Amino acid sequence: MSKPIVAIVGRPNVGKSTLFNALAGEKISIVKDYPGVTRDRIYADVTWLDNQFTMIDTGGIEPESKDLMLSHMRQQAQIAIDTADVILFIVDVRQGLVDADYKVADMLRKSAKPVILVVNKVDNFDKFMPDVYEFYNLGIGDPVPVSGASRLGIGDMLDEVINHFNKEDLEEVEDERPRIAIVGKPNVGKSSIINKLLGENRVIVSDIAGTTRDAIDTAVTYNEKEYVFIDTAGLRRKSKIKEELERYSIIRTVTAVERADVVLMVIDAVEGVTEQDAKIAGIAHERGKGIIIVVNKWDAIEKNDKTIYEYTRKVQDILAYMPYAEIIFISALTGQRMNKLFDLIEMVIQNQTLRVATGVLNEIMTEATAMQQPPSDKGKRLKLYYITQVAVKPPTFVIFVNDKELMHFSYTRYIENKIRDAFGFKGTSLKFIIRERK
Ligand code: GDP
Ligand code: GDP
């Protein structure tokens with residue numbers, strides 16, 4: 001089940017970043033064991049009362065003039081409408097209502113997406129409540145007063161957010177079809193790949209009716225099995241500002257990846273893996289999705305019989321944090337190896353949902369610890385008692401040990417490699433949870 005997306009929309013200076021940071025808390029520091037991950041706080045994982053969601057801040061840079069502000073706000077709102085399950089529309093009790101607020105409220109109202117009207121900077125509820133009522137004029141329901149800076153009212157606001165997903169989840173729970181997102185920088189060939197895939201004889205394409213969000217999804221039948229392709233091209237936005245374009249591109253990727261089971265990460269063979277590619281791949285990696293690195297435009301490079309091996313090594317060097325990713329070299333132009341893509345997608349889906357019996361896992365672990373003694377520190381040696389798989393997508397294992405501190409990353413990696421030697425799990429990350437048992 002993909003996590004719901006909650007988007008924040010609002011004018012400059014209403015306190016979006018402050019609120020975003022208050023919500024994201026410590027969790028915001030995105031895992032930094034791989035290069036190129038954005039330090040900018042565009043998205044974050046939030047947990048509230050056992051509910052997890054991905055929050056995105058659609059407001060990037062500040063426009064230079066009032067005229068630009070409205071168009072900027074419209075873009076923000078449109079992105080939120082395209083991608084989010086719930087929208088937080090933030091207004092400022094101290095500035096009061098301005099014209100742009102009404103215009104954005106109109107857009108959001110027409111979208112039929114759940115919108116929560118959050119009135120920020122209510123640092124003192126007694127004093128400011130009379131001013132909060134003014135916001136009923138926007139016609140998008142009850143204003144929720146908060147203070148991002150003093151962290152007031154945030155619990156009530158999150159309760160409102162969560163109320164909305166419960167309904168949403170029920171609708172989606174029926175859909176068992178694998179979802180595939182094609183991501184990558186502009187011009188790497190994403191649209192060409194999807195068009196070629198959908199154009200194959202053996203592929204039957206049908207539009208998906210339903211929620212507005214699904215309007216950009218395409219259902220595909222291949223070998224009598226249905227897949228859903230998430231089209232990120234549909235969310236393309238025009239902007240002249242480089243930072244803004246990059247922000248939109250990240251939001252688009254995060255939201256598509258979040259909903260996907262398998263991510264086709266497309267890179268341009270001629271350009272090689274760039275920093276932006278590494279950033280995009282990192283998003284899929286940190287979300288535990290199935291990953292296939294698709295090196296496209298393979299027709300456009302000169303090669304001999306070693307090129308493919310050398311190229312593979314180069315990609316693996318740069319994307320060293322995801323050695324499990326499958327790599328395929330294709331040409332959307334000539335169709336080279338395009339027919340292999342579905343097989344690869346199917347294999348990765350199988351691996352994402354593979355369950356290994358507890359008995360077998362424990363045999364592997366016992367053998368592994370006998371071959372390479374677990375580390376010790378200050379006379380105390382790590383003991384591994386028991387391993388069991390608790391989840392799929394991604395496959396998640398719990399290992400019970402005597403002392404968590406002794407379980408170094410490198411030893412976990414060693415156990416992971418032993419499991420991979422036995423079962424492959426190609427194309428999917430594996431997650432390990434270390435628990436202490438006295
Ligand atoms: P953004 O442009 O919407 O991201 O707004 P910021 O989060 O950067 O905040 C704009 C200004 O409002 C900053 O000076 C913040 O310190 C201030 N601010 C943010 N939240 C609150 C709040 O809850 N109460 C008060 N009094 N000021 C706030
Ligand atoms: P997107 O922005 O990632 O969707 O990329 P497009 O599918 O629009 O492709 C960008 C450009 O690359 C277009 O000019 C395509 O014709 C070209 N292109 C796409 N795939 C290939 C390929 O396999 N080989 C070559 N030589 N060009 C390609």
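Trainee: How many residues does helix H3 have, and how far does H3 reach from its first C-alpha to its last?

Mentor: A helix here is a DSSP run of H or I of at least four residues, a strand is a run of E of at least two, and both are numbered from the N terminus. The expected span of a helix is 1.5 Å times one less than its number of residues. H3 (residues 99–111) has 13 residues and reaches 19 Å, close to the 18 Å expected. Before we go on: this is a predicted model, where local features need pLDDT of at least 70, side-chain atom pairs count only at pLDDT 80 or more, and totals for chains, interfaces and linings use all residues. Residues are numbered from 1 along each chain as its sequence is written, while chains are lettered from A and ligands numbered from 1 in the order in which they are written.

Trainee: Which residues of H3 are buried, and which are exposed on the other side?

Mentor: Count the other C-beta atoms, placed from the backbone, within 10 Å of a residue's own: 20 or more is buried, 12 or fewer is exposed, and in between is partly exposed. In H3, Asp101, Val104, Ala105 and Leu108 come out buried. They cover an arc of only 105° around the axis, so they sit on the same side of H3; that arc is taken over the directions from the helix axis to the C-beta atoms. Asp99, Tyr102 and Lys110 are exposed on the other side of H3.

Trainee: Now strands. Which way do the residues of S12 point?

Mentor: In a regular strand the side chains alternate between the two faces of the sheet. In S12, Gly290, Ile292, Val294 and Asn296 point one way, Ile291, Ile293 and Val295 point the other way, and all are buried. With seven of its seven residues buried, strand S12 (residues 290–296) is therefore largely enclosed by the rest of the structure.

Trainee: Which strand pairs with S12 in the parallel sense?

Mentor: Two strands pair if DSSP finds at least two bridges between them. S12 pairs with strand S11 (residues 262–268) over seven bridges, in the parallel sense. One to look up is Leu264, whose bridge partner in S12 is Ile292.

Trainee: What is the strand order in the open sheet of six strands?

Mentor: The order is S2-S3-S1-S4-S5-S6, with mixed pairing. Strand S2 (43–48) and strand S6 (144–145) are the edges, each pairing on one side only. S2 runs antiparallel to strand S3 (residues 51–57), joined by six bridges; Asp45 has Thr54 in S3 as its bridge partner.

Trainee: Last one: which residues come nearest to each ligand?

Mentor: A residue is near a molecule or strand if its C-beta atom, placed from the backbone, lies within 6 Å of it. Of the 16 residues around ligand 1, Gly15, Lys16, Ser17, Thr18 and Ala149 come nearest, and helix H1 (residues 16–24) gives the most to that shell, three residues. Ligand 2 also has 16 residues around it, with Gly189, Lys190, Ser191, Ser192 and Leu333 nearest. Here helix H6 (residues 190–199) provides the largest share, three residues.
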